[in-house]
Amino acid sequence: RSPEVIFGSGWNSTLDIWAVACVMTEMLCGRQLFPAAHDGDLEHFAYIEKVIGKFPPSVIHGSKSQSAFDCFEVSTGKVKVD
């Protein structure tokens, strides 16, 4: 899922670009860019952060999903690691 979907911030054409990029990467590399998360949003965010880096604070604070917001350390913007 794209970050917009997980954060509950709605979606537009950027979601399509995200999806196409993920599919193209899978076709070219023969594996998923972001493997299926078995432990929910926290694991999925960790995969994304590992590839693209830290999420911008504006994205985190703009989250309409409390569970998505709770996946981050507010002071650093990094995904919480248990």
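# Around helix H3

Me: Which residue just after H3 takes a positive phi of about 95 degrees?
Reply: This is a predicted model: local features need pLDDT of at least 70, side-chain atom pairs count only at pLDDT 80 or more, and totals for chains, interfaces and linings use all residues. Numbering runs from 1 along each chain as its sequence is written, and side-chain values use heavy atoms, leaving out hydrogens and water. Helices are DSSP runs (H or I, at least four residues), numbered from the N terminus. Just past H3, the residue with that phi is Gly 53.

Me: How far does H3 reach from its first C-alpha to its last?
Reply: H3 has twelve residues. The expected span is 1.5 Å times one less than the number of residues. That gives an expected 16 Å, and the helix comes close to it, reaching 16 Å.

Me: Which helices do the buried residues of H3 pack against?
Reply: Buried means under 20% relative accessible area (1.4 Å probe, protein chains only). In H3 that covers Asp 41, Glu 43, His 44, Phe 45, Ile 48 and Glu 49. They pack, with contact meaning heavy atoms within 4.5 Å, against H1, H2 and H5.

Me: Why does Phe 34 count as buried?
Reply: Phe 34 sits in the loop between H2 and H3, and touches Trp 18, among others. Phe 34 counts as buried because its relative accessibility is 11%.

Me: What is the angle between the planes of Trp 18 and Phe 34?
Reply: Rings of Phe, Tyr and Trp (its six-membered ring) pair if their centres lie within 6.5 Å, and planes under 30 degrees apart count as stacked. Trp 18 and Phe 34 are stacked, 5.4 Å centre to centre, with a plane angle of 5 degrees.

Note on methods. Rings of Phe, Tyr and Trp (its six-membered ring) pair if their centres lie within 6.5 Å; planes under 30 degrees apart count as stacked, over 60 as edge-to-face and the rest as tilted. Helices (H or I, at least four residues) and strands (E, at least two) are DSSP runs, numbered from the N terminus. Buried means under 20% relative accessible area, exposed over 50%, partly exposed in between (1.4 Å probe, protein chains only). Lists of a residue's contacts leave out its neighbours within four places in sequence.
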